[in-house]
Amino acid sequence: MRRVGAGAPGGRGADGVTLTDPEKARFARAIQLPGLGAEGVEALRAARVHVVGAGVTAGPAILFLAQTGVGTLFLDDGGDVSNADAGAWLYTQRDLGQQRLFAAMEAVRAASGLVEVRPFASDTIVSATLVCSDDETVARRAAEQARRAGVPHVVGLANGEGGEVVDVPSGAPCFRCAHAPGARVFPRRGAAAAVGTLAALELVLLLARVVPGGGGGRRIDLVEGTPTARPTERIPGCDCYNVY
């Protein structure tokens, strides 16, 4: 995985994107939002996002990114569609037993004709990563890979009736600094959808250069449906200090 910035080879780059007339019509309301505007939408259209996970937490996040106007999604999931994925928003009963990756790609294409969706490969050039795996070990590993590659990323981990979202802009404390380890249970569908959507929103803000938390990174805890945000702090001695 490699990072691409605005205007860099391998992506359209926000500095070189001009919205087409159909894009201007489709995203007219977003263009009017204070702090976003045409430049923010252009940054979203130029973005190349690596999405780790395609289960109950990632499903709503993937659809959110597609509908918001992110240009290219690279999906990364090795599992099969099971009954537990019924709340993922991406699958139907006929998808049971199919590979989640390809079923999710078809669902995204059906939801939006403006987004390009591909399988992720290790040499893919990306501008950001969204980690919404329902497996904490996979999430931690993906966050660490993004950190080492210098790729801004957001991690959403649902847990029972709530969960956490950690955004890591360039130079911010890493996921390990912000994460609170502990017992985990498979998330309820509503909680997973809320965490996934919050994580996708945080990523959109990063991509559109509306940086949450003043650019230093933040953690959002979702408890009983109520989100609470706080700035992240670097753990003394953490090697994320010298990565960027």
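How many cavities of 30 Å³ or more does a search of the whole structure find? I ran that search before anything else, keeping in mind that this is a predicted model. The search gave me 1 cavity of that size.

**Entry: the cavity**

I noted about 40 Å³ of space in the largest cavity. Its lining is made by Arg140, Ala143, Glu144, Arg147, His153, Cys174, Phe175 and Arg176. I then looked up which elements give two or more residues to that lining, and they are α6 (136-149) and α7 (175-178). Helix α6 supplies the largest share, with 4 residues. Sorting the lining by class, I wrote down 3 nonpolar, 1 polar and 4 charged residues.

**Entry: the nonpolar cores**

Next I turned to the nonpolar cores. The largest has 48 residues, and Val49, Ile62, Leu65, Leu73, Leu75 and Leu130 are the ones with the most contacts inside it. Helix α8 (residues 189-207) gives the most to this core, with 8 residues. Apart from this core lies another of 12 residues, among them Val131, Ala139, Ala142 and Ala178.

Leaving aside neighbours within four places in sequence, I found Leu75 in contact with Val51, Ile62, Leu101, Ala104, Met105, Val117, Arg118, Pro119 and Phe120.

**Entry: helix α8**

My list of buried residues in α8 reads Ala191, Ala192, Ala193, Val195, Gly196, Ala199, Ala200, Glu202, Leu203, Val204, Leu206 and Leu207. After the helix I came to Arg209, which has a positive phi, near 70°.

**Entry: helix α4**

Why do I call helix α4 (residues 58-68) largely enclosed by the rest of the structure? I do so because 8 of its 11 residues are buried. Those are Ala58, Gly59, Pro60, Ala61, Ile62, Leu63, Leu65 and Ala66. I also asked what covers these buried residues, and the cover includes β2 (48-52), β3 (72-76), α5 (100-111), β6 (128-131) and α8. Following α4 is Gly69, with a positive phi near 115°.

**Entry: two glycines in loops**

Gly55 sits in the loop between β2 and α4. Is Gly55 buried or exposed? I count Gly55 as buried because its relative accessibility is 3%, where the cut-off for buried is under 20%. Not counting residues up to four places away in sequence, Gly55 touches Asp77, Asp85, Ala88, Arg100 and Asp134. I also took the distance between the C-alpha atoms of Gly55 and Leu90, which comes to 8.6 Å for two residues 35 apart along the chain.

Gly71 I found in the loop between α4 and β3. It is buried as well, with a relative accessible area of 7%. Which residues is Gly71 in contact with, leaving aside its neighbours within four places in sequence? I listed Leu44, Arg45, Ala47, Leu114, Val115 and Glu116. The C-alpha atoms of Gly71 and Arg48 are 6.3 Å from each other, and these residues are 23 apart along the chain.

Terms used. Residues are numbered from 1 along each chain as its sequence is written. This is a predicted model: local features need pLDDT of at least 70, side-chain atom pairs count only at pLDDT 80 or more; totals for chains, interfaces and linings use all residues. Side-chain values use heavy atoms; hydrogens and water are left out. On a 1 Å grid over the protein atoms alone, a cavity is a set of points where a 1.4 Å probe fits but cannot get out, and a pocket is an open set with protein on both sides within 12 Å along at least five of seven lines; lining residues have an atom within 4 Å of a point. Grid points are joined across faces, edges and corners, and a volume is the space filled by probe spheres set on the points. Ala, Val, Leu, Ile, Met, Phe, Trp, Tyr, Cys and Pro count as nonpolar, Asp, Glu, Lys and Arg as charged, and the others, Gly among them, as polar. A nonpolar core is a set of buried Ala, Val, Leu, Ile, Met, Phe, Trp, Tyr and Cys residues joined through side-chain atoms within 4.5 Å. Buried means under 20% relative accessible area, exposed over 50%, partly exposed in between (1.4 Å probe, protein chains only). Contact means heavy atoms within 4.5 Å.
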